[in-house]
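Take a moment with the sequence and the model below.

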Amino acid sequence: MNRATFPHRFLPWLLVLPQLLISLVFFYWPALQAMWQSTLKEDPFGLSSKFVGLENFRKVLSDPAYLNSIKVTAFFSVVTAFLSMSIALLLAVQAEKVLRGKAFYRTLMIWPYAVAPAIAGMLWLFMFNPSFGTLAWPLRQMGIDWDPLLNSGQAMGLVIAAASWKQISYNFLFFVAGLQAIPKSLIEAAAIDGAGSARRFWTIVFPLLAPTTFFLLVVNSVYALFDTFGIIHAVTGGGPGKATETLVYKVYNDGYNNFLLGSSAAQSVILMAIVITLTAFQFKYVERKVHYG
Amino acid sequence: MNNLNMLAASLAALTLSGMAAQAQTDISWWHAMTGANSEVVEKIASDFNASQSDYKINPVFKGTYPETLNAGIAAFRAGQAPDIIQVFDVGTGVMMGAEGAVMPVADVLTNAGMTFDKSAYLPGIVAYYSKPDGTMLSFPYNSSSPITYYNKDIFEKAGLDPNTPPETWDDVWSMAKTIKESGAAPCGYTSTWLTWIHLENFAAWNDVPYATQGNGLEPGATPELEINAPIFVNHFQQIADLAKDGTFKYGGRTSEAKQIFLAGECGIFTESSGGLGDIVKSGMNYGIGQLPYDTDGNGPQNTIPGGASLWVMGGKSDETYKGVAAFFDYLSQPDVQEYLHQTSGYLPVTMAAYEATKESGFYDENPGRETPITQMMGKEPTENSKGVRLPNLPQIRDIENEEFEKMLSGDQTAQQALDNAVERGNAAIKEAMGQ
């Protein structure tokens, strides 16, 4: 860093202070509190509490429902990240080819990002609720036994669709920016050499998009793991059975509905560890293979 | 509205009547009522506020029943608890376990110099919200009982008698099949709250145990569930079989199925008597019957109260408690209770209100509206029908619902579902009791 940029040594600190304070109050403090709470056994009102050490962790990790939730989360996150990124890439590439009204199409594509997760969930629920859903009726007319209230596969499909749909805009935006940064001369040169459009895409465009793709992979994983709570809460509530109960949803359900505060805190500490590991791993190993041009 | 004008007006009001404004004590009331029932809350509060000038009740909607309870608990932990909070029936065990956090309603009333006469209240309801020693802990604001609703138009179309509701569960199954087969409606039967209606009330109504140790009502009990007895298994296997071809339609874990019935998709519907307001509003040609019973059981016995009660939080000022007492006193008045009962379908909580409604001829004009009361009051409760009290009933219901959903999707039989529910439920009860 170039120190000369700042006339005073405290100025940089002052400038980052608001962000530091926000992080301390809204991230570090609750995180520490969760770690402390994960070692306690408490009643809902906090009238009595007992230190139990790592007992909560032992119970959580030996709970079959928790192991089920890990599987559900892994499936949900991988499919959601893959779908939202691949569809966004396809749309971005197609939008680049549009000659007239490019800006108009792009604006339309970005719209869904402004929708809050809970609203997005409600939107999909209104379309696909088995009793009042607008699209549930035509589905049944086509002979599909549509009932995500009981069919766990359909329920999972529905939350994945809603979660991916909402994230496509964000990914689209970054892929469009990434595509614009690729020099046209490279693609034209390849075209003159006789490379077809598929070959041009996979050998030139796709590798050059790697930094964007890598960045989005991190963002999308975190999104699928954490930010989809609102969608799941609105659409399935974790059901049917425990078919769509992701790790984050389970933290909420055990803490809020079942009043198992110690267990809920232990789960959020585990979740925190998972995210830290995931991010560290991605940066350490995946980033090496990324070509930053 | 013009904000400046408002500001000027309130400033003027402040300076002119500063004394009067200070004298009024604000009392917060967190509730979970929606639709027709939230209008009742608003009206009762504003009528009370208009009836006197010392206290002002401020009703605040806090979401669903579980959300309201959670909001209250979180607020208590942060030292910001409301004065009055509406807690649903299954949260009763949770509230009872929090002795330092709440103020028994009986104490609130006697401290305020009111004579608290327990015999004025409907006995079954008061008993449910009292400690084993008889101290009334919470005020039974909205008590309900599950009843049968049916769509008379669909009954006629299916060739069934629109004036004969099903009496037993076997009647429900066969009528539902007739409705489905005749094409009168796409589904025969649906129900809200499978856990409350088909387990807790099913057990009480048929006089069979839901759990050991008096369904958990014995002091310090660690009960074990008994819901995998043959009578429950047979009942749920019937539902599972009917679900296969859509004769029974599942709506969700709480009251979602009401939408299915209101949309005219199903002919028969079991739901809380408190759901009546919305059914009346919809303009449907409906009929009411008592909750069906199982011919293999020992019933019909009596149903147990559902709905919710009002809890008073601890650590408030004497002035606040006086206001709460005044409000509860107002709530107990026969005309307020009559209004609540007749508009919302919830039960009146005092004998006087019940008698007054009877005398007014309301039940003659609205046959079926007395059903939830006679159902609950008809017989002296037995060991099996006093109520269900588990330290963590919301969690137990979640477990039961999860197993039902797996059963209804055909992944397991009723026997497996109920066995799993018992096994997982018992483990959760032990955990909650700290064992």
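Several elements of chain B cover the buried residues of H3(B), among them strand E1 (25-31), strand E2 (55-61), helix H14 (276-282), helix H15 (318-332) and H16. The model is a predicted one. Which residues of H3(B) are buried? They are Asn37(B), Val41(B), Ile44(B) and Phe48(B). These four cover an arc of only 70 degrees around the axis, so they sit on the same side of H3(B).

The length of this helix can be checked too. H3(B) has 17 residues, and at 1.5 Å a residue they should span 24 Å. The end C-alpha atoms of H3(B) are 25 Å apart, which agrees.

Now step back to the whole of chain B. Its domain assignment gives two domains. Domain 1 is made of 25-143 + 306-359, and domain 2 of 146-303 + 380-432. Between the C-alpha centres of domain 1 of chain B and domain 2 of chain B there are 28 Å. Where the two touch, domain 1 of chain B gives 20 residues and domain 2 of chain B gives 21 residues.

Which elements supply the domain 1 side of chain B? Helix H3 (35-51) is one of those with at least two residues there. Helix H5 (92-96), helix H7 (123-128), strand E11 (306-313) and helix H16 (334-344) of chain B also each supply at least two.

Next comes the partner chain. In chain A, 19 residues are in contact with 26 residues of chain B. The chain A side of this contact holds nine nonpolar, eight polar and two charged residues.

Chain A also carries annotations. An unreviewed UniProt entry lists "transmembrane region" for residues 12-31, 72-93, 105-127, 201-226 and 259-281 of chain A. How do two of these spans look in the model? Residues 12-31 of chain A are 100% helix and 0% strand, with end C-alpha atoms 26 Å apart. Residues 201-226 of chain A are 96% helix and 0% strand, and their end C-alpha atoms lie 32 Å apart.

The unreviewed UniProt entry also gives "domain: ABC transmembrane type-1" for residues 70-282 of chain A. Over residues 70-282, chain A is 77% helix and 0% strand. The end C-alpha atoms of that stretch of chain A are 19 Å apart.

Notes. Residues numbered from 1 in each chain as written. Chains lettered and ligands numbered in written order. Predicted model: local features only at pLDDT ≥ 70, side-chain atom pairs only at ≥ 80, totals over all residues. UniProt positions renumbered as here; feature names shortened; annotations may be inferred. Domains from an automatic or database assignment. Contact = placed C-beta atoms within 7 Å. Nonpolar A, V, L, I, M, F, W, Y, C, P; charged D, E, K, R; others polar. Expected span 1.5 Å × (residues − 1). Buried ≥ 20, exposed ≤ 12 C-beta atoms within 10 Å, placed from the backbone. Arc of directions from axis to C-beta.
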